[in-house]
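User: I would like to go through this model one region at a time. Please take a look first, and then I shall start with a loop.

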Protein chains: 2
Amino acid sequence: MKKYVYMFSEGKASMRNLLGGKGANLCEMTRIGLSVPYGFVVSTQACNEYYAQGKVMPEGLEQQIVKAMKKVEAKTHKKLGGYRNPLLLSIRSGARVSMPGMMDTVLNLGMNDSVAQGMEKATGNKRLAYDSYRRLIQMYADVVKGLDIHDFEDELSKLKATKQVKDDLDLNGDDFEQLVGTYKKLYKKLTKEEFPQNPMEQVIQAIQAVFRSWNNERAIVYRRMNDIPSVWGTAVNVQMMVFGNYSENSGTGVAFTRNPATGEKKVYGEYLMNAQGEDVVSGVRTPKQVLELKEQNPEIFAKFMESCEKLENRYLDMQELEFTFEDNHFYVLQTRNGKRTAQAAFKIAMDLVKEKKITKKQAVLMIDPKSLDSLLHPTFDPKELQEKQPIATGLPASPGAGVGHIALNYATAKKWSDEGEKVILVKNETSTEDVESMHIVEGVLTATGGMTSHAAVVARGIGTPCVSGCNTLLVNTLDGTVSFGDVVLTEGDTISIDGTTGCVYKGAIGKKDAEIAGDFATIMSWAERYARIGVRANADTPKDVKRSLELGAEGIGLCRTEHMFFEEKRIEAIRAMILATTKEEREKAINQLLPMQQKDFVEMLRACQGKPLTIRFIDPPLHEFLPKDQKDIEKLAISLGKDVKDLQKSIAELKEFNPMMGYRGCRLAVVMPELLIMQTTAIIKAGIKVLKEEIPVQIEMMLPLIGEIREMRYLKSIIKTTADQLIEEAKSPLQYAIGTMIEVPRACMIADQLAVEADFYSFGTNDLTQMTYGYSRDDIGKFLPSYFENRILSFDPFVRVDEFGVGELMRQTIQKTNKVKKHFKYGVCGEQGADPKSVEFFDKIGLTYVSCSPYRVPIAKLASAQSGIKRGYQKR
Amino acid sequence: MKKYVYMFSEGKASMRNLLGGKGANLCEMTRIGLSVPYGFVVSTQACNEYYAQGKVMPEGLEQQIVKAMKKVEAKTHKKLGGYRNPLLLSIRSGARVSMPGMMDTVLNLGMNDSVAQGMEKATGNKRLAYDSYRRLIQMYADVVKGLDIHDFEDELSKLKATKQVKDDLDLNGDDFEQLVGTYKKLYKKLTKEEFPQNPMEQVIQAIQAVFRSWNNERAIVYRRMNDIPSVWGTAVNVQMMVFGNYSENSGTGVAFTRNPATGEKKVYGEYLMNAQGEDVVSGVRTPKQVLELKEQNPEIFAKFMESCEKLENRYLDMQELEFTFEDNHFYVLQTRNGKRTAQAAFKIAMDLVKEKKITKKQAVLMIDPKSLDSLLHPTFDPKELQEKQPIATGLPASPGAGVGHIALNYATAKKWSDEGEKVILVKNETSTEDVESMHIVEGVLTATGGMTSHAAVVARGIGTPCVSGCNTLLVNTLDGTVSFGDVVLTEGDTISIDGTTGCVYKGAIGKKDAEIAGDFATIMSWAERYARIGVRANADTPKDVKRSLELGAEGIGLCRTEHMFFEEKRIEAIRAMILATTKEEREKAINQLLPMQQKDFVEMLRACQGKPLTIRFIDPPLHEFLPKDQKDIEKLAISLGKDVKDLQKSIAELKEFNPMMGYRGCRLAVVMPELLIMQTTAIIKAGIKVLKEEIPVQIEMMLPLIGEIREMRYLKSIIKTTADQLIEEAKSPLQYAIGTMIEVPRACMIADQLAVEADFYSFGTNDLTQMTYGYSRDDIGKFLPSYFENRILSFDPFVRVDEFGVGELMRQTIQKTNKVKKHFKYGVCGEQGADPKSVEFFDKIGLTYVSCSPYRVPIAKLASAQSGIKRGYQKR
């Protein structure tokens with residue numbers, strides 16, 4: 001028979017996958033001599049089999065639980081359902097990684113009518129007995145039976161009203177006995193069953209309920225956000241209850257071994273006397289600072305401090321522990337690596353190195369790269385901020401400071417943003433449709449939605465500041481106004497939002513860029529030695545280039561030339577080019593663009609200061625450059641001197657059924673080689689000029705969407721002919737490389753052919769993912785939720801690389817290319833470039849560099865170092 | 001130095017790739033002792049290098065030509081530019097395969113003022129001398145200089161008018177001398193140059209002109225249509241002129257060694273006395289039947305017949321030869337395998353077997369599978385057709401002849417068809433909504449759309465004749481008329497359309513039905529033994545199933561359930577399902593569909609008579625089922641009892657940016673498992689019922705667009721649970737298989753995982769090609785022409801499988817699957833299933849069967865047999 005149940009004395013920390021993080025820790029704490037209430041763990045395997053068999057307990061599990069229970073009874077000299085010495089139990093979830101608050105817990109199991117009576121007799125504490133009992137009924141009804149907890153709380157409130165008291169503490173044993181009676185009746189009314197008096201039945205039911213809670217909605221959402229595979233399952237920890245509310249010499253608390261906000265080496269946390277753990281968490285009573293325990297109960301405090309030290313020495317990291325003392329007996333209930341701010345993370349890692357507890361490598365490994373986000377965003381100038389009063393406050397949903405004109409929908413946001421204006425999108429709530437907007441706006445403000453709302457999740461993903469759940473905000477789409485209480489603003493007015501604090505301000509506030517200094521800088525400099533895979537940035541402006549290099553980028557991995565086209569003067573020329581009906585018209589428009597593009601590249605190359613600049617030729621479908629609403633079309637018709645109807649027809653003709661797979665990328669260059677020649681000319685002339693200024697230049701030109709070798713040859717020959725002639729004419733020593741994006745699966749298949757022509761590859765993982773899965777990124781909102789719900793996908797493949805599909809195509813590309821050229825340069829430009837798990841994969845398959853948005857460069861660098869350390873890499 | 005030039009005596013038939021078909025034949029004919037005018041071949045390699053170097057003659061070529069010319073002069077005792085014994089030359093293109101009329105030819109090269117004088121003196125035939133000269137000027141101006149030939153023809157007409165004669169033959173030597181003077185002036189006026197008097201310059205220029213003609217527009221189009229790679233290039237044949245217009249004992253002709261229309265073993269062709277070859281082809285004079293030559297000149301006829309026999313014995317196929325006799329000397333100018341009708345192809349192959357010239361295998365190999373198209377569809381009575389002039393011409397999008405009343409929409413088509421009338425649907429463009437119409441009409445005519453447009457694909461699939469892209473067609477829905485230029489017809493008028501030629505006729509033309517009989521049937525039965533890869537059909541109706549089996553299909557490889565939904569009653573239910581806002585509404589709609597679907601499957605399974613029926617679950621994006629124009633939406637709102645605005649909103653919400661990669665395929669089933677359950681129920685209940693009728697049943701259920709193993713597992717478990725319960729309840733011995741389409745590249749990458757769950761795969765090459773290339777089939781029109789023009793693509797990858805990209809993915813799929821399961825079933829359903837080159841590839845990589853539209857089954861079967869023969873396969 002399979003072993004599903006492990007006594008705490010049987011397990012250890014390394015059994016985390018099987019026993020869950022909490023379970024393995026309980027075992028480990030037992031092993032290192034901490035005082036842990038006795039118990040056992042039901043393994044994650046049991047949970048997975050429970051699901052595999054359609055929510056049925058695997059065979060043999062129940063017998064193993066019964067057997068383990070006997071051992072607990074023997075060890076504790078208590079008895080389940082016993083009248084004199086009842087064994088009460090807590091049952092808690094425990095996944096491989098902590099998912100705080102996401103799953104369910106039941107306390108006081110084993111309590112029933114007889115046990116309550118016995119307990120009253122044994123302790124003389126009737127209140128404890130019946131309070132424990134009523135808590136059990138309430139939690140059991142909620143967790144096991146899925147009843148509405150408010151129905152029970154209402155009864156408690158009624159009772160307090162009858163008794164004319166405000167606090168639970170003012171109720172006595174008799175009151176709770178009465179409440180137990182009421183609860184039992186309510187339970188029966190709602191379930192048509194008596195509340196189970198058999199303690200073993202309670203235990204078995206509660207264990208299954210915890211299994212089920214692995215798949216409740218909030219757990220699924222949490223897993224999705226944190227890239228936790230749903231196949232891991234949860235373990236269940238069954239443990240003797242100890243009562244923080246046993247007596248006045250009892251209490252309970254939650255504490256960190258260091259300060260999780262600042263990292264300071266000083267225990268930090270809260271406790272409550274005469275209370276159970278949930279009282280601390282729920283916030284019903286106001287707890288005391290853990291340091292006060294020193295005066296209130298020095299003996300217990302000493303044991304607490306001793307436990308903290310033992311724990312840190314064992315886990316070599318800041319611990320978050322829950323503890324309880326029952327009648328002056330101190331117990332550690334659980335421990336885990338504590339969540340911390342990014343700032344604290346660096347301080348703690350640094351201190352641990354100084355304390356010689358960990359090595360520099362371990363320090364680098366200790367920082368969660370994703371947490372850097374909060375350190376890397378601009379903040380408001382503190383001086384200016386001091387003079388400002390927020391007009392509203394919401395939830396700090398995505399860090400960073402944003403300033404811009406209020407726009408109430410995507411169309412407006414897009415229009416203004418295309419015109420070079422900064423925009424804050426303000427909505428009652430956001431939907432999938434707003435994802436596009438979030439890429440182009442300075443910030444997002446919503447009236448509803450929490451920290452895990454759609455808006456918040458997406459905004460954090462792309463680094464756009466977001467304040468959500470701003471309760472006083474009212475958006476009036478009809479008259480184009482937004483109000484915050486009495487303050488009424490109009491669409492177009494400027495506001496500032498602080499995604500780190502949740503504050504909203506009227507008008508513009510100056511921003512300060514983040515800087516890399518102190519512990520952050522030190523540890524990042526350590527990281528440098530272990531990173532094999534390089535980090536570049538995606539930047540389309542000289543300002544972004546500068547910022548990227550400051551943040552440690554080794555070059556620019558993607559400069560999207562089309563982003564340069566959206567400026568007002570240029571968009572006119574590009575539109576004229578697209579809508580040209582004769583070759584002459586088109587050439588005229590293209591010639592207008594040439595000097596502008598050339599100026600762009602001069603500035604970009606100067607900013608690069610000799611670091612590589614990878615320039616991608618124009619890529620998007622042409623209709624993206626064209627106006628959509630009637631008024632704009634009429635305006636354009638006048639400026640182009642064309643008939644409105646003809647223009648509408650031309651625009652309509654450019655509409656496509658599936659633009660993502662249509663007339664875009666290098667296909668534009670095949671049809672309009674003039675465009676490719678113009679861009680090449682602009683790049684090469686810029687290179688010649690900057691090189692003359694004695695600034696070194698590394699130009700890498702990149703063709704998007706290549707899928708066929710003859711396409712590559714044809715376009716390369718156009719580029720080469722153009723470039724070589726200009727270089728020869730100028731007698732310049734300028735050199736350049738020509739590479740291709742790898743974005744369509746066919747390019748992967750013919751990589752050995754392409755490698756003959758190309759100097760480098762850059763994987764466009766966004767498009768490659770779209771085509772490999774056949775998922776249109778803009779349309780997946782319709783089915784992706786069902787995919788997560790049914791555990792078909794466990795992460796979003798656009799955020800993290802899909803190793804089996806897209807990753808396999810990448811692997812094959814490299815394999816095929818290796819046969820043709822050694823020392824080939826492989827990059828990735830796409831959102832995945834700064835996803836730590838993806839970076840690790842890219843490192844493994846041998847990519848040369850990743851390229852991500854400037855603000856995420858340090859994240860990618862840290863991820864690269866961590867991957868390097870795991871793979872045993874060290875720079876010489 | 002590279003050898004570019006080959007004397008006829010140096011080459012042979014096997015050198016076709018280097019010397020072109022015509023050149024190799026001239027060499028071969030010389031080799032087997034036929035009387036061929038002396039000359040040499042400039043190789044295809046020379047042509048390719050000419051292009052590679054940017055239309056420049058490769059180094060050394062000119063010297064080699066001069067040297068070869070000396071040899072010709074020596075052999076013929078004639079001299080280029082000679083006054084007494086001038087050598088005149090023809091220069092002709094000659095690609096690896098024949099591309100009749102697509103490229104250029106220049107005759108009479110070597111003629112100039114002095115040669116003309118000398119020739120007049122030597123032959124006493126002034127007319128011949130100056131007629132030859134004026135012909136040269138005219139052709140040279142056209143081919144080498146690209147001048148408008150009409151300008152020259154106008155001068156000829158003027159001269160005839162002045163002389164008051166009607167026929168060229170009535171002009172004498174003086175007249176032509178005068179014409180030469182006029183032509184030379186005209187030439188100078190148009191080119192600002194004198195007509196070149198240097199014969200060698202004429203030759204060199206003409207050779208280059210022929211090289212260039214490889215890339216003229218009509219040659220490019222022809223190659224694209226015939227899958228001829230543009231990299232092959234053309235050879236150029238330089239040959240002594242012989243004059244069919246030398247004397248009254250001279251003549252020229254074109255003949256087939258058998259009748260190319262019927263296949264009858266009887267020489268067939270035409271000749272003209274005292275004429276040059278082009279006179280026969282151009283149709284200026286009416287030629288005589290070649291058999292008449294027997295009486296007119298028995299000696300020459302005997303030599304002709306002797307040549308025919310020699311040729312057939314050598315080439316073992318019907319030959320098309322050009323011959324000339326000059327003053328009683330007989331010459332064969334060229335020969336090739338003659339083009340023939342499908343009917344003739346079968347008769348000739350059969351006769352050659354009977355004559356023991358070829359084996360049965362060779363007979364099977366001799367038939368071009370694509371040519372069968374014309375045998376498998378009804379055709380117009382050729383006699384009636386002779387008397388008709390088309391009123392318009394479009395693209396031959398789906399072969400066959402259709403006659404009926406013009407209907408401008410489905411409703412009218414349906415009404416008239418229900419009344420027993422035959423209908424031709426005429427529209428500007430078709431949409432998915434017209435699928436239903438296509439089943440009931442005799443033909444479809446559209447103004448827009450190409451050969452691969454939606455209308456064309458569907459029409460071919462169901463064997464409905466279709467002419468698409470008819471540019472002159474204008475549909476005026478408002479007043480119910482259609483116009484073709486000046487011809488205006490009214491809805492209800494009768495037209496005839498020929499989907500094989502693209503012609504549209506006013507009024508009715510009699511039709512002839514196709515049947516598989518006679519030689520066709522015999523050779524197809526021989527083919528059966530050599531075909532390894534099986535052939536199934538794509539069929540959505542019992543009628544199509546029946547037709548498929550009659551045409552030899554081994555089963556149904558694709559039944560698209562959604563096509564069943566377009567019928568009037570069903571579309572209502574499916575719309576109600578899609579637009580349901582509650583689960584109840586949706587289930588109600590789905591339950592309405594169940595009995596209808598079940599009935600469909602009962603009928604399909606009965607028609608299959610135990611042959612496998614592969615049913616694909618619903619696949620297309622839902623908005624394809626929804627109405628588009630306002631009126632229909634209003635109607636729908638009433639029938640669904642919904643608010644028009646709400647409905648519009650719901651419809652708008654289903655709109656997608658890239659529907660091809662959006663909410664479709666098995667994604668529908670993940671979001672709406674009810675739909676999958678309904679379809680499974682309908683299929684299984686139908687199976688149980690038909691099996692009870694003692695008709696054997698082979699059900700293969702197929703999930704579209706699978707890309708992830710957990711997706712497959714999830715949906716398979718829903719299907720299995722549903723199916724097994726029904727089977728158990730009915731105590732039926734029914735069995736079924738569950739497979740998946742392989743349509744997204746990711747499915748190929750994880751084929752080893754999928755194979756664990758799937759019973760079979762069916763490659764959806766349309767979608768797989770779309771995603772592998774990133775080509776939206778509906779949008780490639782914008783760039784594909786440039787791709788063909790620039791020789792980036794040499795064939796349409798939707799028509800013929802792309803071996804390097806899509807094919808490689810397929811190969812890997814099979815490789816990975818083989819590791820998990822042997823004897824796995826692999827199919828292809830898509831247009832490529834009947835493309836002979838694709839079938840050969842599919843055979844090579846080991847697919848089990850291809851599935852194509854019913855009418856193309858024999859094509860696929862023949863292609864399969866030919867592939868089998870080439871691969872040495874033979875059934876035991």
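User: Where is B:H823 found?

Analyst: B:H823 sits in the loop between α33 (806–820) and β30 (825–829) of chain B; helices (H or I, at least four residues) and strands (E, at least two) are DSSP runs numbered from the N terminus. This is a predicted model, in which local features need pLDDT of at least 70 and side-chain atom pairs count only at pLDDT 80 or more, while totals for chains, interfaces and linings use all residues. Residues are numbered from 1 along each chain as its sequence is written, chains are lettered from A and ligands numbered from 1 in the order in which they are written, and side-chain values use heavy atoms, with hydrogens and water left out.

User: Is B:H823 buried or exposed, and what is its phi?

Analyst: B:H823 is exposed, its relative accessible area being 83%. By definition, buried is under 20% relative accessible area, exposed is over 50% and partly exposed is in between (1.4 Å probe, protein chains only). Phi of B:H823 is near 50 degrees, a positive value in a residue other than glycine. Most residues other than glycine have a negative phi.

User: What about A:L705?

Analyst: A:L705 also is not a glycine, and its positive phi is about 65 degrees. A:L705 counts as buried, with 0% relative accessibility. The loop that holds A:L705 runs between β27 (698–703) and α27 of chain A.

User: Changing topic: how many residues of each chain take part in the contact?

Analyst: Chain A gives 51 residues and chain B gives 50 residues, where contact means heavy atoms within 4.5 Å. The area buried between the two chains is about 4600 Å², with 57% of it from carbon and sulfur atoms; buried area is the accessible area (1.4 Å probe) that two parts lose on being put together, summed over both.

User: Which residues of chain A lose the most area to chain B?

Analyst: A:M661, A:R746 and A:K782 do, together accounting for 15% of what that side buries. A:R746 also meets B:D802 in a salt bridge between side chains (2.5 Å, N to O).

User: How many salt bridges are there between the chains?

Analyst: The count between chain A and chain B is two, a salt bridge being a side-chain nitrogen of Lys or Arg within 4 Å of a carboxyl oxygen of Asp or Glu. Over all chains, the whole structure has 111 salt bridges.

User: Which residues of helix α20 of chain B are buried?

Analyst: The buried residues of α20 (518–528) of chain B are B:F520, B:I523, B:M524, B:W526 and B:A527. Viewed down the axis of α20(B), they fall within an arc of 155 degrees, so they line one face of the helix; the arc is that of the directions from the helix axis to the C-beta atoms. These residues pack against α13 (342–354), α14 (360–366), α15 (373–376) and α35 (857–870) of chain B.

User: With which residue does B:E528 form a salt bridge?

Analyst: The partner of B:E528 is B:K861, with the closest N and O atoms 3.0 Å apart. B:E528 lies in helix α20 and B:K861 in helix α35 of chain B, so the pair ties together parts that are 333 residues apart in sequence. B:E528 is partly exposed at 35% relative accessibility, whereas B:K861 is buried at 12%.
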